[in-house]
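The following exercises concern the contacts between chains and one feature of the surface. Each task is followed by a worked solution.

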Amino acid sequence: MWKFIVRRLFITAPQIVLLSVLVFLMAQMMPGDALSGLIDPNIDPQAIEQQREKLGLNNPWYVQYKDWVVSALQGDLGQSFRFKMPVTDLVEQRLINTFWLSLATLIITYLIAIPLGITSGRFNDTLRDQIITGYTYIGFATPLFIFALVMLWLFGFHFQWFPTSGSVAPGSEAGSLSYVISKLHHLLLPAISMALITTVNTVQYLRSEIIDTKQKDFIITARAKGASESRVYNRHILRNSLLPIAAFFGYEITGLIGGTVFVEFIYSYPGMGLLFMDSILQRDYSVVTSVVLLFGIASILGALLSDIILSLIDPRIRIK
Amino acid sequence: MDSKHAYVEETQEQMRSVKSPSGISIMWRELVRDKVALFSLIFLILITTFVYGISLFLSQEEIVTVDLFAIHEPPSSEYWLGTDYGGRDIFGQLIIGTRNSLSIGILVTLMTGLIGIIYGLVSGYYGGTIDNMLMRIVDFFMILPFLMVIIVFVAIVPKYTILSFSLIMTAFLWMGIARLIRSKALQERELDYAQASRTLGSSHLKIMFTQVLPNLSSLIIVTMTLNLAANIGLESGLSFLGFGFPESTPSLGTLLGYARNPQTLEFRWWVWVPAAVLIFILMLSVRNVGEALKRATDARQRRG
Amino acid sequence: MEFLEVKNLKVHFPIRGGLFNRKIDAVKAVDDVSFQMEEGKTYGLVGESGSGKTTIGRAIVGLNKITAGKIFFEGKDLASAKNKSIRKDIQMIFQDPYSSLNPKKRVLDIVAEPIRNYESLTRKEEKQKVQDLMERVGLSAEAILKYPHEFSGGQRQRIGVARAIALKPKLIIADEPVSALDVSVQAQVLNFMQDIQKDLNLTYLFISHDLGIVKHMCDQIGIMYKGRYVESGKKEDIFTNPQHIYTKRLIAAIPDIDPRNRDFQKNHRRDVQKMYDQSYHEYFDKEGLAYHLQHISESHQVALPHRKVD
C-alpha cells in the first residue's frame, strides 16, 4: 500500500515542477512585467531600468524562475496592477467562493447521479432507464455554457427566482443567517446548472457498472442462495459500484475548473474563474498566472487523492 | 516457480482473442438499423451541404459589416432572424458561423487524431520504458486546466489567426485519443499476426502502420466522431468567452457571446437562441452517429 | 558443422516490483538448454505448458531476447548483427491460426508480406507467386482476394504455411501447428507438412505437447520440464528406452485406442504414477528442477544426478 503511495508521489512531484515551469514560461511570454503595473508612465526610463535591475528582471530566466518559485512558496504571487494589491490577498476571497461553488456542484452531482444511475442500471431497458439514458444523451450533447445561459435566462431573468450575479446580496452582514441564506441563494443556480451537465458522466458510469456487476458470478450466487432482490442490490452490487464513483471526485476537479470558468463568467459569480476571465481581459497577467498555477496544482492533487483512494478500494490498480 | 510459469502462460492465453470480421461493414449496418442515428446522419449531411453551399453565395465581409441603421432589429422579412448590436444579419452569421464551427471542429479533430494516433501507436506498440515515459507526458497534459491554458495562449499569441487557434486547441486536446489508441495497440502487439510480421522481416514502423493500425480503425472512427462533437462544443465555448474566432469570423459561439450582455440575453432572444439550438442539434446528431458506431464495435450491445 | 546448434541457451523474463519497478526476480523460461539439429530432419520439442519449449522456438526466430548462450545456424551466430540476412532462412508457423493472420488483410497481402520485404517483384509476378504458393498448400489460387475469416481453421493454417515457405526457408519452427485444430483436420495438416518437407528439403523444429504427434512427425526428440531438458535422443531412444521418470510418465499417458489393452494401460499408468511419486526426489533437485544432461549412449542423453549414472 504505502509503496503505491510513495511511487505515486514520485510522479506527482515532477508534475508540479513541470506545471510551474510551464506557467512561468507562459508568464514570460506575456507582454509586460511586474513593473508595467506598478510604475507611473511619467517616470524616467532610466529609473525603470534601475528598478528592473534591482528586481532581478534582467537576470537569466532560470534565476528568475528560482526567485519566482521561492517567493511563490512564501505566499508571494506578485502584484495585481488592476487592483493594486498583492495577488495572494486578491485570490483568497475568490478561492473561498469557488470552493463553495465546487463543493455544492459536487454534492448536487452525486445527489443526481446516484439515484438515477442505480435506477437506470437496476431496471435497464425499461421505460425508466430509457428516460434516464435519454437525459444522459442530451446532457452529453449540451455544452455547459449554453445550458448555464438558458438557466440564467429562464430562472434568473424570466422567473426571477434566483439572483443573476454576485455571490451574496450587497449589504448583508457576514456571519448572520440572512448572509448564509443569501450566499446559498446565489450559489444554487450556478451549481445546479453545472451539476446537471457534469453528472451525466457519472450516471452513465454507474449504470454500466451496475449492469456489468449484475451478470457477475458472485451476484448469481447471492441470488441462488436466496438473498432478496433488495439485499442483492444494497449489499453486493452497490458496494461494488459506488465506491469507485465516490473516489472519482478528485478527477472531477479538472473538469470542475473548466466548468467554473464558464459558469462564474455567465453568472458573474466572483470566484477564481471570473477572476481569471476578468484578469485576462484586462491583461492583468500576474493574476492570470497565479490562477492557472493554483488550479493546476489543485487538479494534480485531486488526481493524486483519487488514485490513492481508488488503490485503497481496488488493489488491482496498485499493480499497474 | 510453478505459479510464475502458469502466470506467463495464462496471460498469453488471454491475449489470444478471436477477431471479428470487417468492422466497417458492421458499423454501416448498425447505423442504418438505428433510426435515430440514421436520421442524425442524414440531417448532418443535409446541413453540411446546405451551409457550405449557401456560404458560397454569401460574402462573409458583407455579413460582418456594421450597419448602424439596422441595430438590434427583430426578425423581419428583410432580416429573417433580426440583427445584432452592429446591425449585422443574424441569419447570415448563423450560416457562416455554422460553416466556420464545423470546419474548425473537423480540422481540430483531424489534427488531434493524427497526433494522438501516432503517439498512442508508438507508445503501445513499443511498450515498456518508452510507453512508460510517453504516458507520463500524457498524464501531465491530461491534468492541466486545459481550458485556461488554451485561453492564455490565445491571449498571448502575437499573430492570432484561425490556424494558430486550431493549433493551440490541438496542442491540448490530443491526449484522450492517444491514450485509447495506446491501450488497444498494447493488446494488438501481443497477437500472433504482429509477432509473425517480425519473423517475416517487417520493420517496426511497417508493422505499426500497416499491420496494427488497420485493426484500430473501428476505435479510431468512433473516437474521432465523438471528439468532433466535443470539439464543436469547445470551440463555440471559447468563441463565446471571446477567445475563439475573432468577431470578423463569426462562429456559432460568437453569436452566443452576444448573450453576455444581459439586455440581449433577456430581450433579444433572436440573437442567441438559434445559435444555441443549432449547436445543440449539431452536437446531438454527431454524438448519435458516434454512439451507434460505438455500439457496432461492441457485439454485446449491437441491436441488429 | 551443425545445421542448427543451440548452446547453453537461457531466456529469463524479469519480474518487476518494489518501489521503483526494478527487476526483483526472473522467470527462467529457458534455463541452460543445448541441442543440435540435423538438416532435413524433424526435431521434436516436447513438454507441458510453461516448460519453455515455445520460448526456445521464439528465441531462435528472434522474437524473444536471449539472456545468455548462443544459437548458431549453419555455423553463423544468429545474435550477430551482420548475420541478419539469415533470418529469412528461418520461418515460423504459429499455433493459433486465428490470431496469426491479420484479420484486416487479404490473403494476397498476408502471403506476399515476406516477399515484399525481401524481394522486389512486380505486382504481376508477386500475384503469380502467391497463387503458386496457394496451390502448393492445397488452396485455390482464386482465394487470394479473400479475408482470413472466410477460411476454416485448417485452411488458415495452410495459409500460415504458405506464408512461411514463401521465402524458401531452410528451417521452419512449427509451434504447436495443429493443437488449435479439430482432430479430424490435424492429420491432414501434418501429412501435408511432411509432403512439403520432402519437396523443399525443409528442417522442422516441431514444438508440441502431444507425444503421439511427435512420434508420427519427428526423428529426434527433446523433452523439457520447467525450462530444462529432461531427456533427449532419437525417436527410438525415447520411445523404446525412456530413462527419466518424467519421460516414462509422458509416454504412459499416450492414449491407446485398442480397447483390449484398456486394463493393461490403466494398470501401467497407475504403476508409473506410483513410481513417479516415489522416485521424484531422485530425478529432480531440491527446487524441483531437472539435473544436467548426461550421455548414456551416442545419441541418448538423460538428466540424472551423478550417482544414478555410476
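A salt bridge is a side-chain nitrogen of Lys or Arg within 4 Å of a carboxyl oxygen of Asp or Glu. The model examined here is predicted.

**Exercise 1.** Determine how many salt bridges there are between chain B and chain C, and describe the area that these chains bury.

*Solution.* Begin with the contact itself: 29 residues of chain B meet 29 residues of chain C. Together the two chains bury about 2800 Å², with 56% of it on carbon and sulfur atoms. The count of salt bridges between chain B and chain C is zero, while twelve residue pairs are in polar contact. On the chain B side, α1, α10, α11 and α12 each give two or more residues. Of the elements on that side, α10(B) gives the most, with seven residues.

**Exercise 2.** Identify the residues of chain B that lose the most area to chain A.

*Solution.* The contact involves 40 residues from chain B and 44 residues from chain A. About 3700 Å² is buried between them, and carbon and sulfur atoms give 83% of this area. F140(B), I143(B) and M148(B) lose the most, together 19% of what the chain B side buries. Two residue pairs in polar contact are found across this interface, and zero salt bridges. The elements giving two or more residues to this side of chain B include α6, α7 and α15; α15(B) gives the most, with twelve residues.

**Exercise 3.** Decide whether L111(A) is buried or exposed.

*Solution.* L111(A) lies in helix α5 of chain A. Exposed means over 50% relative accessible area. L111(A) has 58% relative accessibility and therefore counts as exposed. L111(A) also belongs to a nonpolar surface patch with I96(A), F99(A), W100(A), L103(A) and I107(A).

Terms used
Residues numbered from 1 in each chain as written. Chains lettered and ligands numbered in written order. Predicted model: local features only at pLDDT ≥ 70, side-chain atom pairs only at ≥ 80, totals over all residues. Heavy atoms only, no water. Patch = residues over 30% accessible without salt bridge, like charges linked within 9 Å, V, L, I, M, F, W, Y side chains within 5 Å. Areas by Shrake-Rupley, 256 points an atom, 1.4 Å probe, with all protein chains shown as cover. Helix = DSSP H or I, 4+ residues; strand = E, 2+ residues; numbered from the N terminus. Buried < 20%, exposed > 50% of the residue type's maximum accessible area, 1.4 Å probe, protein only. Contact = heavy atoms within 4.5 Å. Buried area = accessible area lost by both parts, 1.4 Å probe. Polar contact = N/O pair within 3.5 Å; in protein donor to acceptor, adjacent residues only side chain to side chain.
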